[in-house]
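Open the model in your viewer and keep the selection tool at hand. The tour goes stop by stop.

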Amino acid sequence: MIITNSGRQFHLSLEKHMRLTSKFFFLLTLLLTISSVRSQNSQHDYQETANKIFDTALQEGQAYEMLKELCLDVGPRLSGSPEAAAAVEWGRQTMEKAGLTNVHLQALTVPHWVRGSVEEATILNSISVGSVPLTVCALGGSISTPTLGITAKIIEVNNFDQVRELGEKARGSIIFYNRPLDKTKRKTFSAYSGAVDQRSRGAIEAAKVGAVAVLVRSMTTREDDVPHTGAMNYTAGVPQIPAAAISTVDANFLSALVKKDSTVNVNLKLNCQSLPDAPSANVIGEITGTELPDEVVLLGGHLDSWDKGHGAHDDGAGCVQSIEAIRLLQSMGLKPKRTIRAVLFMNEENGLRGGKDYAQRVAANGPKHIAAIESDRGGFTPRGISIQAEPTTAAFKKVMGWAPLLSAINADHFESGGSGADISSLKKNGTLTMGLLVDSHRYFDYHHSDNDTFDKVNERELQLGAAGMAIIAYVLANEGLPAPEHN
Ligand SMILES: [Zn+2]
């Protein structure tokens, strides 16, 4: 009996258990189905929104017109220059016209270096070529030479080890750094970073062994007769010596000459100088979030440029794309839950004061920045997004899930990598920092030189980059990201 009873009871409770379990599984399946339909729906909705953003960007885009104004009306705009001050005003007015809200300036002071009117280098009294002028330009931050210039023997090197090996033999010479960008690199940014130490630290290493000036092969993948400038540095306790970039064509010419004749002398004349710091500003505008206005997704580029060309690809393109991305959302009536903010950073090229200052203010007073995307690789065909996070993190995986939204324009290559110089300081505040990836093969043809002019930018490529930024910013602003501590 007892056995039967308990057996029956067991049977009944088993039946009940199974009914309950199947009910539970039914409910679970239902919930999972609903949530998967929902996420498919939202992914589907985002895809539709993305397609509309692409249509609007290609049909009614304004980034190209904005860039034309910045390049042709304002021109190149090195930090501290009158043109940089004009660019700040251009940025403010352009954001207002584009319908951004809360448009304001964030004041800061910036270094003020001026190129001057003299930048000349001449091979003197060579036994094989006589006296020949070379195409050079001062590197940003360099001191001037005496009025009559510096005349000294050229010693060619490819790296700092060779400079150190020279020791006393380098005293009184002009060190000529001639290591080219590695053409076999698939990504031109890798080629650039493999050579740029010659420009940034070349004067320091040469001065340590008593050299009196440096010439640095231009940081370009191209062979042309245009010198490419860029920032160089001095350091405390090491004498400051003048530094100039030489075009790649003339670097090859000088190198061939030095190999034939070890006594080649060059006269270098520069009259650049550093003036006291100048007032300037970052320019900021937004579309305010409907549900979480105090959480920000930032889009940015840098407003300053070198004083060569128009600063079109570097980085007028990134500035107008940041404004245009928000203008597109605004004009289409799209209302993100979180605030999307465009920031035109000042002084990326020779100090990074704008980016550093911005991150400090955010760390001290907020608002919370959940994510930031910078466009500073030129206004070329967009290819994807570089995410400054480990691929194992939840935030990285979430952003990767949105890559298909950009597949219609083949910009769905999302990968782990760097973001942008201006926004990298935000990373320590817990912001997920990202960079717009573009086709990089032509960038260093133009970079920091007279070649970087408005006509080198293609309207469709520029617009599609802005559209890509708008799409990812919109989804980020609506969906948010997992908190960094859960990454
Ligand atoms: Zn740049």
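**Strand S14 and its neighbours**

Select strands S14 and S16 (residues 432-438): five bridges join them, and they run antiparallel. Two strands count as paired if DSSP finds at least two bridges between them. Helices (H or I, at least four residues) and strands (E, at least two) are DSSP runs, numbered from the N terminus.

This is a predicted model: local features need pLDDT of at least 70, side-chain atom pairs count only at pLDDT 80 or more, and totals for chains, interfaces and linings use all residues. Residues are numbered from 1 along each chain as its sequence is written.

Now pick isoleucine 387. Opposite stands methionine 434 in S16.

Four bridges join S15 to S14, and the two run parallel. Isoleucine 385 has phenylalanine 414 of S15 as its bridge partner. Trace the chain from S14 through helix H10 (residues 394-400) to S15: this β-α-β crossover is right-handed. That is, with the strands pointing away from the viewer, the path from the first strand over the helix to the second runs clockwise.

Is S14 (residues 382-387) mostly covered or mostly open? Mostly covered: six of its six residues are buried. Buried takes 20 or more other C-beta atoms within 10 Å of the residue's own, with C-beta atoms placed from the backbone.

**The whole sheet**

Select the eight strands of the open sheet, in the order S1-S10-S12-S11-S13-S16-S14-S15, with mixed pairing. The edge strands are S1 (101-114) and S15; each pairs on one side only. From one strand to the next, the twist averages 20°.

Go to S13 (residues 368-374). S13 pairs with S16 in the parallel sense over four bridges. Click alanine 371; its partner in S16 is leucine 432.

**Helices on the sheet**

Show helix H9 (residues 353-365). H9 packs on the sheet and touches S1, S10, S12 and S13; its direction makes about 135° with that of S1. Angles run from 0 to 180 degrees between N-to-C directions, and axes are lines fitted to C-alpha atoms, for helices over the stretch in contact.

Next, show helix H3 (residues 82-97). H3 lies across S1, S10 (273-287) and S12 (338-345), running at about 5° to S10.

**A helix pair**

Last stop: helices H2 (residues 63-74) and H8 (residues 312-331). Their axes come within 9 Å and cross at roughly 135°. Contact residues (C-beta atoms, placed from the backbone, within 7 Å) include Met66 and Leu70 of H2 and Gly316 and Val320 of H8.

Methods. A residue is buried if 20 or more other C-beta atoms lie within 10 Å of its own, exposed if 12 or fewer, and partly exposed in between; C-beta atoms are placed from the backbone. Two residues are in contact if their C-beta atoms, placed from the backbone, lie within 7 Å.
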